[in-house]
There are 2 protein chains.
Amino acid sequence: MTVTIKDVAKLAGVSPSTVSRVIADSSRISEKTKIKVREAMQQLGYHPNMIARSLASQSTQTIGLVAPSSTDLVFQNPFFPTVLRGISEGAHTKQYSIHMTTGKTEKEIYDDVVKMVQGRRVDGVILLYSKVEDRVLSYLRERNFPFVVIGKPFKHVEEITHIDNDNFRAAKDVTEHLLRLGHERVAFVGGNLNFVVTVDRVLGYEKALRNAGISLRNEYVIHEEFLREGGQEAVNALLSLEDPPTALVVSDDLMALGVLNSLNELGIQVPKDISVVSFNNVMLAEMSRPPLTSVDINIFDLGFEAARNLMQMIENPKEPVKRVIIPYNLVKRSSCGPVESAIVEST
Amino acid sequence: MTVTIKDVAKLAGVSPSTVSRVIADSSRISEKTKIKVREAMQQLGYHPNMIARSLASQSTQTIGLVAPSSTDLVFQNPFFPTVLRGISEGAHTKQYSIHMTTGKTEKEIYDDVVKMVQGRRVDGVILLYSKVEDRVLSYLRERNFPFVVIGKPFKHVEEITHIDNDNFRAAKDVTEHLLRLGHERVAFVGGNLNFVVTVDRVLGYEKALRNAGISLRNEYVIHEEFLREGGQEAVNALLSLEDPPTALVVSDDLMALGVLNSLNELGIQVPKDISVVSFNNVMLAEMSRPPLTSVDINIFDLGFEAARNLMQMIENPKEPVKRVIIPYNLVKRSSCGPVESAIVEST
DNA sequence: TTGTAAGCGTTATCAG
DNA sequence: CTGATAACGCTTACAA
């Protein structure tokens, strides 16, 4: 039924091993037989059985992908398809394939990872997120299995190859941008603190304030689990304060969209009454009203580099640990303005 | 190094085949030995090598996913992560894994598919799109390889299992909804006509108009390749008409967002001056200003059913061809209004 | 430069 | 109910 290496060997009048060597384009095979064998392959429509090859060579040429549990934000976020595209293109450069976990809960995902790692289905793994506590990461580390994380590992940063932005500095930058516009009451709206990216961004925000000699206020820092609803609740909480902020640093474009909508419903104008800046710069940032000033973190590159570095680790087991920092840049649109206008307004 | 079935056999004092049977939970093994073997597995931390198992059993328990080339709309669209989540959860119910193509261009994708099919890496394939001409689909059909398509196949509909919405009727419905609101100048803004879904939707739109005795106008049907820019250009074209439409049927939420923005920039109010209805009902539909009236096509279910049906086909080769129609429903929000207001406005 | 033969870790077919 | 033994299709020493 299926045409194997043996059929090709027979037709070409050589041994199976020779065919195998032709597939691998071994230098120790004469051009003449290579051509002969390739013709036989053509003629029979031969395609190597990757499974058999994997079993024999103990390598699959495939990358395992681990997304956070689908209840978390990543999956709903344009971040996901974009980083996936980056990984995909990166993998393609070396002909790697992609294998995905299908689990929903953390436990299911953990089991998936064990299955794909011990089941020898993948040569390495990319973690699409970085959480404060993570069984999956611990497992991979313990087994010494090749993996890279997108984001900054919470522990053992020096020992784990990861691809990240400098989220601390980015948050500091945007906060300073707001400060420079004259804002002094700047609040932070972030996601789940279990994600390291959230932690980094609050820290950067706080640093900027501290540098500017502005004291931190607990009421100004809000963390919400969900994107839409979160934005809404954050606005409610913030605006019911005695001293509501005049500017908001929001940790995710989607959440910022929620914020914008709530503000709009309350009749509060952006950026006249309140300034908003956010992160990721997904396509929507530019389609919102007003268009969002947002930090472009080059999501595609995060994925692409993750794939590239993982493949390097797979192919060279003694590859040193790396920290790859993808540059970011602030894309200024129309959601930020000087604080003066707000003050003028209230006078 | 790695613990195999043989190690387990030795420790449990049975033969490798017995261990294999315990893994498969064969009914012809005594409970006693099952327990004994399982204990040995535990003790050694045994996990089956899926690759070896696949080679021996000629089945991989994995589903191949084929997305359209990333230059097309699907990848940028929230549709993609959602349908993926559906497939993922569907696959998980039977412990199937997911394998993805990494190609960018059509040719790369085609090669990926051949490699994963002939390479025996997957037991079946899901096509995440349906195009008018598609080498991948032809290839799968010729080889008689199990596959399902999400969307309606252009040719051989009766012979290909597919999961779809009744896009024709949905488009007809929404157009009639607009008609009922008094609109007579209704335009259609759609995506690439190579996608069957686009074709179905224009057809439904046209049918509704014809039923209502309204003559079709070519200038009222616009097709755009890209989402944002497309929305913008469509608006420009439509509004420069002598007789601009008072209502728009837009084939995709994201494009509708582009439309909304262009309209907004031109100072045209929705729904007062013009009504807009779109398709898919992704999260953004509800976050736009005004919130979009949109057809919820139950994207998650499309994916879930695709996985379920494919697995059925894989497990039962003589499973009959099926057409699964996922229901849709119109979610009314604030982007549609009676035509009267527009008329009043212009008087 | 090429062939022979022994794996890779399972499952499946026969016996018993 | 359980055990040998032969596949599964390929890679890779080791020989020649």
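Two strands are taken as paired if DSSP finds at least two bridges between them, strands (E, at least two residues) and helices (H or I, at least four) being DSSP runs numbered from the N terminus. In the predicted model described here, local features need pLDDT of at least 70 and side-chain atom pairs count only at pLDDT 80 or more, while totals for chains, interfaces and linings use all residues. Residues are numbered from 1 along each chain as its sequence is written, chains are lettered from A and ligands numbered from 1 in the order written, and side-chain values use heavy atoms, without hydrogens and water.

Strand 2 of chain A (residues 97–100) runs antiparallel to strand 2 of chain B, and three bridges join them. Met100(A) has Ile98(B) as its bridge partner.

The contact (heavy atoms within 4.5 Å) involves 53 residues from chain A and 53 residues from chain B. About 5100 Å² is buried between the two chains, 62% of it on carbon and sulfur atoms; buried area is the accessible area (1.4 Å probe) lost on putting two parts together, summed over both. On the chain B side, Ile51(B), Thr102(B) and Met287(B) lose the most area, together 13% of what that side buries.

Four salt bridges (a side-chain nitrogen of Lys or Arg within 4 Å of a carboxyl oxygen of Asp or Glu) are counted between the chains. One salt bridge joins the side chains of Glu265(B) and Arg289(A), at 3.1 Å from N to O. Helix 5 of chain B gives the largest share, eight residues.
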